Amino acid sequence: MAARLAVANLKGGVGKSTTTMFLAETLALCHGVRVLVVDLDPQSSTSFMLLSSEGMDVAESMGRLLPKFLLDVEGKGPKPELHSYIVGEASDLEELRGRCVRGRVDVLPSVPRLWFVETVIEKRSYIQNVDPGAELRLTLGQYLHPLDAFYDLIIFDCPPGFSGLTRAGLLGADMVLSPTIADAVSMRSLTDFVEIGLGEVLQKKDIPHFVVISKYQQRTTDPAEINRLRRRYDVLEPPIGFSIQMTKATQRLRHNSFRTYRAKYGRLEADIRALTDQFYRYALAKGAANE
């Protein structure tokens with residue numbers, strides 16, 4: 001069975017989508033991991049990062065979108081097959097092109113209308129007296145299960161907050177990764193997410209939980225907050241710096257444009273590889289060895 005990772009935090013703007021992108025691509029490239037990204041965030045940043053705006057237009061014209069899948073599941077027609085909504089070979093890395101490469105990054109993309117689809121699902125769920133997050137989790141689990149043979153890791157990129165979509169990703173995950181900025185506001189958000197959200201609400205306080213310090217800036221980051229994070233959580237090292245290079249890495253120009261890993265991540269390459277290697281050793285290596 002493919003491992004399932006939820007990338008989640010209450011606070012927005014802490015690098016969840018960026019972390020999802022570089023983690024998926026680096027695992028695929030450096031460790032041969034077959035990754036499916038499920039973009040649960042209606043902001044759809046990860047989808048646009050991986051596919052480009054042009055690529056998202058193509059995906060939409062083909063009906064390959066998470067909100068369409070959820071509406072089709074709700075509909076009265078034949079039950080859909082999830083693989084027909086997935087966009088394959090979503091990464092723009094040159095090294096991941098070609099059939100001889102084992103590692104891959106596919107995506108079940110989202111668009112902002114997912115907000116409205118979620119509202120429809122929530123209304124129906126509350127009428128039926130069920131939790132929409134749990135209902136979404138069951139739906140996704142049912143349709144993802146047949147794909148376990150094709151992937152090693154499924155990443156749920158969750159929206160900020162604690163909506164039904166976020167709860168669905170967390171309930172369906174067997175590990176959680178929380179990117180965060182090392183400042184007091186973000187630290188408070190992370191603490192509430194772990195203690196209240198995971199611990200009290202979802203009763204998943206024992207789930208493996210990792211932290212990535214993102215958007216790190218040596219001149220403005222409080223060293224005391226970094227030390228607090230390292231004392232309280234399993235922090236993957238090193239912190240990933242904020243830079244123009246990372247901003248460029250998140251911008252795919254066209255759906256048929258490609259670049260090398262080194263050209264995409266530049267001087268951040270070594271840090272991203274080191275952090276991803278640590279995640280692989282801690283969270284995925286045992287499962288890979290048992291294949």
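Biologist: How many disulfides does the structure hold?
Modeller: This is a predicted model. A disulfide needs two cysteine sulfur atoms within 2.5 Å. The number of disulfides in the structure is zero.

Biologist: Is Cys30 buried, partly exposed or exposed?
Modeller: Buried means under 20% relative accessible area, and exposed means over 50%. Cys30 has a relative accessibility of 29%. Cys30 therefore counts as partly exposed.

Biologist: And Cys158, buried or exposed?
Modeller: The relative accessible area of Cys158 is 0%. The limit for a buried residue is 20%. So Cys158 is buried.

Biologist: Which residues of helix α3 are buried?
Modeller: Helix α3 covers residues 66–74. Its buried residues are Leu66, Pro67, Phe69, Leu70 and Val73.

Biologist: Which elements do the buried residues of α3 pack against?
Modeller: There are strands and helices to name. The strands are β2 (34–39) and β3 (104–108). The helices are α4 (114–127) and α5 (132–144).

Biologist: How many aromatic pairs does the structure hold, and what is the geometry of Phe69 and Tyr143?
Modeller: The structure holds four aromatic pairs. In the pair of Phe69 and Tyr143, the ring centres are 5.1 Å apart and the planes stand at 85°. Angles over 60 degrees count as edge-to-face. So the geometry of Phe69 and Tyr143 is edge-to-face.

Biologist: How many residues apart in sequence are the parts that this pair ties together?
Modeller: Phe69 lies in helix α3, and Tyr143 lies in helix α5. Phe69 is buried at 0% relative accessible area, and Tyr143 is buried at 12%. The pair ties together parts whose separation in residues is 74.

Biologist: What is the geometry of Phe210 and Phe279?
Modeller: The ring centres of Phe210 and Phe279 lie 5.9 Å apart. Their planes are at 80°. That angle makes the pair edge-to-face.

Biologist: Which elements hold Phe210 and Phe279?
Modeller: The pair ties together parts that are 69 residues apart in sequence. Phe210 counts as buried at 7% relative accessibility, and Phe279 counts as buried at 0%. Phe210 lies in strand β6 (residues 209–213), and Phe279 lies in helix α11 (residues 269–289).

Biologist: The charged ends of Arg97 and Arg252 sit over which ring?
Modeller: The charged end of Arg97 is 3.9 Å from the ring centre. For Arg252 the distance is 5.2 Å. The ring is that of Phe258.

Biologist: How many residues of β2 are buried?
Modeller: Arg34, Leu36 and Val38 point one way from β2. Val35, Val37 and Asp39 point the other way. All are buried. The count for β2 is six of six.

Biologist: In β3, what is the bridge partner of Val35?
Modeller: β2 and β3 run parallel, joined by five bridges. The partner of Val35 in β3 is Val105.

Biologist: In β4, what is the bridge partner of Val37?
Modeller: β2 also pairs with strand β4 (residues 153–157). The sense is parallel, over five bridges. The partner of Val37 in β4 is Ile155.

Notes:
Residues numbered from 1 in each chain as written. Predicted model: local features only at pLDDT ≥ 70, side-chain atom pairs only at ≥ 80, totals over all residues. Heavy atoms only, no water. Buried < 20%, exposed > 50% of the residue type's maximum accessible area, 1.4 Å probe, protein only. Helix = DSSP H or I, 4+ residues; strand = E, 2+ residues; numbered from the N terminus. Contact = heavy atoms within 4.5 Å. Phe/Tyr/Trp six-rings, centres within 6.5 Å; stacked < 30°, edge-to-face > 60°. Lys NZ or Arg CZ within 6 Å of the ring centre and 35° of its normal. Pairing = 2+ DSSP bridges.
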